Amino acid sequence: MSAADVAETTAHLDDDSNHDVRTKAPPRKRRRIVISCTECHRRKQKCDRKMPCTNCVSRNKEASCHYETGTPLAKPDRKASSQSANERSPESIETLPLKTADFGYSSNSASTLGILRKIESDGELLTGMPSETFDGDSFGVRERYKALVRSLPARIYVEKLAEIYFRDINWQYFTIDEPFFRGLMDQWYNMPFNLLTTSGPQALDPMLRAFPALLFQLLACSLLYLPEGTEETFESLKYTTNMTFEDLASDYSETGVSILTLLGKRQMSIITVLAGWVRAAFLKYTGMVTEAWHQVGTSIRDGQEIGLHRDQLDPQPSPDDSTEEALEKMWMAQSRRRVWMNLLGWDLHTGAVLGRPTSVDYRLMSRSLPVDSLIPKDRRKSPIVQRGDNDPPTPLTRAIWSWETMRPLRDILDLEKEGPFPKDFSKVERIHQELLDLHARTPPPFRLENPDTRFDHLPECWWLPYVRPTLPQLMSFNVMALHRPYVFTRASSRHEALKASLEMLEAQKRYFSLLKPQQHTTFSLFFGTFDAIIMAASIYIIFPKEHSEMLPKVRQHFEWAIDRFEKMSSRNRLAQAAIGVLHAIYVRFKKAVGPGFLIKTGCSDVSGSGSSYAGGSDTTTTHTPKSVSVGPSPSEPSPRIQNMGTSLASANERGGSVSESTGLTPASAGVADSNGNNIFASADWSLPTDFDFSSIMPMYPMADIAYNDLTAVPGVGEGAAAATWPETPFPIAPGLTAGAGSGAVGEDQQQQQGAWQFGGEFGNDTLWTILNQFPTY
């Protein structure tokens with residue numbers, strides 16, 4: 001056969017082959033049976049085949065959860081358990097699944113990611129979009145989760161510690177609903193034993209999945225509040241002989257953090273937020289204020305992720321819901337609002353105490369407050385009814401009023417940014433008046449003076465006496481924070497801040513008298529005393545001849561505060577750290593006021609001209625360095641020199657501007673008044689002649705303890721306390737020396753007092769630097 005014949009034959013065969021390919025029917029594609037619910041199939045997510053499934057529950061799509069193949073049967077997934085642990089490498093056990101990034105956006109917000117998710121919900125899954133499904137099927141995740149939850153103590157101990165928490169702690173904030181918590185705890189302990197082994201945490205509801213994290217944090221807080229005499233009951237929980245209950249509490253809290261870290265940020269629930277919030281409380285109780293501040297911010301972001309900041313993202317009853325289901329959703333919406341309210345309150349108040357920016361601004365959000373209603377034991381059978389005036393108050397009533405009390409702090413923090421000389425001081429007057437009006441609206445059962453005690457005998461209102469001193473403290477702190485930036489530049493602000501400090505100290509004294517020793521770890525018991533004492537003492541140290549009529553009460557409260565801190569120090573780390581600071585400033589306080597310090601009057605009658613909520617009707621006269629009031633002393637028999645006008649100028653006298661105020665402390669006040677007299681108690685106790693009072697930074701004593709490691713450290717003797725001014729911003733005054741103080745003091749006592757110096761990481765423009773220059777012997 002020739003080459004031409006071979007080529008022709010090959011071409012003919014190729015034509016026949018192509019013809020067969022064209023005429024042959026395509027193979028039939030096998031249709032896969034869809035076992036996922038319709039929503040998970042549409043969104044291309046893994047479905048756990050519950051009814052409704054976990055994904056639909058987390059997205060509030062229970063009504064849309066249907067199955068084309070009929071109602072699913074609950075069968076454990078044994079696929080993951082077919083491969084034994086011996087066949088896996090250590091790397092595969094320890095390696096956890098990586099999560100897809102969410103690009104920094106919240107999926108529930110009106111952000112780019114939120115818009116993309118909304119588009120996705122009406123069509124197919126968008127390529128590259130992060131998955132909302134928590135991958136709990138990984139062997140490493142299952143084993144790690146099981147190892148963590150095994151650290152939970154026996155249920156009998158959990159029940160006892162939970163009882164301590166709800167009796168001594170929860171009423172203060174009422175963030176956790178006890179019946180709801182008890183219901184979740186029953187579900188947790190009734191869970192099948194092999195569920196975590198066969199299916200892992202993915203098989204659990206998102207709230208139940210994070211419940212152990214909340215439980216660990218709750219147990220940790222309760223261990224810090226153990227009543228005296230009950231330690232032996234929980235002694236068996238320790239696993240080493242030298243372990244303390246605080247060590248065990250820290251161990252539990254860290255275990256709770258590990259659970260949240262393991263679960264990640266997918267399919268979070270309100271339990272995740274609550275666990276973070278209780279963790280922040282635990283950090284406060286143990287003196288780790290900086291860490292607590294960051295944890296509050298984390299909990300707020302987690303709350304935003306699940307939509308706590310928006311009404312429209314609350315569970316909404318549907319027409320297909322039964323009455324019980326509808327009521328359960330309505331109560332859940334109330335719980336979400338209550339948690340968000342507490343988060344905002346902590347964020348705002350802690351920011352004001354520490355001088356730090358807040359995480360969110362509630363004024364930019366349209367969020368409803370929870371309804372002040374009586375909390376039922378069974379939420380599925382009780383509607384939400386507004387509490388009436390004749391109904392007993394609840395911890396929720398107190399929580400709502402606490403939030404109302406803290407709301408003005410937002411405007412106060414904004415005003416503080418303008419420094420010691422605001423453009424329009426009338427803003428300060430307006431906020432001050434709002435605080436007066438707010439104080440006048442205090443609910444009668446919560447008033448400290450002349451309260452409504454009709455409900456005190458009720459068993460469910462046992463907490464009422466504890467609330468009455470705490471709410472006035474919050475209100476007084478608002479006043480002190482409002483005038484805090486101006487105490488060194490305006491006499492009227494010094495007057496209001498001093499009165500507010502005295503009221504805080506009086507409320508703290510009453511509150512402390514009601515508490516049991518196990519409750520001394522309370523954070524508010526520390527900051528309410530420490531900030532007020534530092535404010536009052538600083539005013540007298542820098543301006544010792546002002547407010548002589550309040551001096552006896554300030555002196556008495558100072559001594560009471562030191563006594564309280566010494567009693568609290570065994571349970572309160574912050575109090576233990578601050579005792580030295582109080583002693584150091586107490587020495588300077590005594591030295592500053594001179595012989596007038598020893599004058600005794602009826603402290604119960606000396607109230608600092610009454611409440612700071614008197615609206616300026618006080619008859620007390622305060623003075624600037626150019627208008628001095630001198631307290632009675634052996635060398636000055638006159639009870640008071642009132643040769644100048646009052647420094648509490650009205651709004652008309654100021655003309656709405658701080659720069660025109662007759663109560664303004666001059667920028668270079670010097671050390672003498674208008675008559676040439678030294679404004680300090682003794683000649684050796686003075687400031688430079690060109691001293692600028694406005695250069696002193698506002699006081700944040702709590703922040704200095706937490707962030708700047710403020711301490712009182714011993715010096716090396718008398719020379720350690722010699723007045724040596726830094727070059728800037730406080731130049732040394734000519735002839736400034738450390739002379740002998742007023743009063744007879746022994747040589748040993750001189751050296752001991754002279755050794756008290758403030759240490760820490762603070763700048764030259766702070767109060768502590770100034771105080772270190774004053775001789776204390």
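A residue counts as buried under 20% relative accessible area, as exposed over 50% and as partly exposed in between (1.4 Å probe, protein chains only). By that scale, Arg 182 is partly exposed, at 22% relative accessibility. The structure here is a predicted model, where local features need pLDDT of at least 70, side-chain atom pairs count only at pLDDT 80 or more, and totals for chains, interfaces and linings use all residues. Residues are numbered from 1 along each chain as its sequence is written, and side-chain values use heavy atoms, with hydrogens and water left out.

**The chain as a whole**

- The protein chain holds 26 helices and two strands; these are DSSP runs numbered from the N terminus, with helices being H or I of at least four residues and strands E of at least two.
- Of the 777 residues in the protein chain, 53% are buried.
- Among contacts (heavy atoms within 4.5 Å) with a separation of 6 or more, 76% join residues 24 or more positions apart.
- The accessible surface of the protein chain is about 34,700 Å², and carbon and sulfur atoms supply 53% of that; areas come from the Shrake-Rupley method with a 1.4 Å probe, and for residues only the protein chains shown count as cover.

**Salt bridges: the count**

- Side chains of opposite charge can pair when their charged atoms come close.
- A salt bridge here is a side-chain nitrogen of Lys or Arg within 4 Å of a carboxyl oxygen of Asp or Glu, and the count by this rule is 40.

- Glu 178 and Arg 182 form a salt bridge through their side chains, at 3.2 Å from N to O.
- Both residues sit in helix H8 (residues 178–189), four residues apart, or about one turn of the helix.
- Glu 178 is partly exposed, because its relative accessibility is 31%.

**A pair across the sequence**

- A salt bridge also joins the side chains of Glu 246 and Arg 573, at 2.4 Å from N to O.
- This pair links distant parts of the chain, with Glu 246 in helix H11 (residues 245–263) and Arg 573 in helix H22 (residues 573–593), 327 residues apart.
- Glu 246 has a relative accessible area of 28% and so is partly exposed, and Arg 573 is partly exposed at 42%.

**A network**

- Asp 361 and Arg 363 meet in a salt bridge of 2.9 Å, N to O, between their side chains.
- Salt bridges with shared partners connect Asp 361, Arg 363, Arg 410, Asp 411, Asp 414 and Lys 417 in one network.
- Asp 361 counts as buried because its relative accessibility is 18%, whereas Arg 363, at 40%, is partly exposed.
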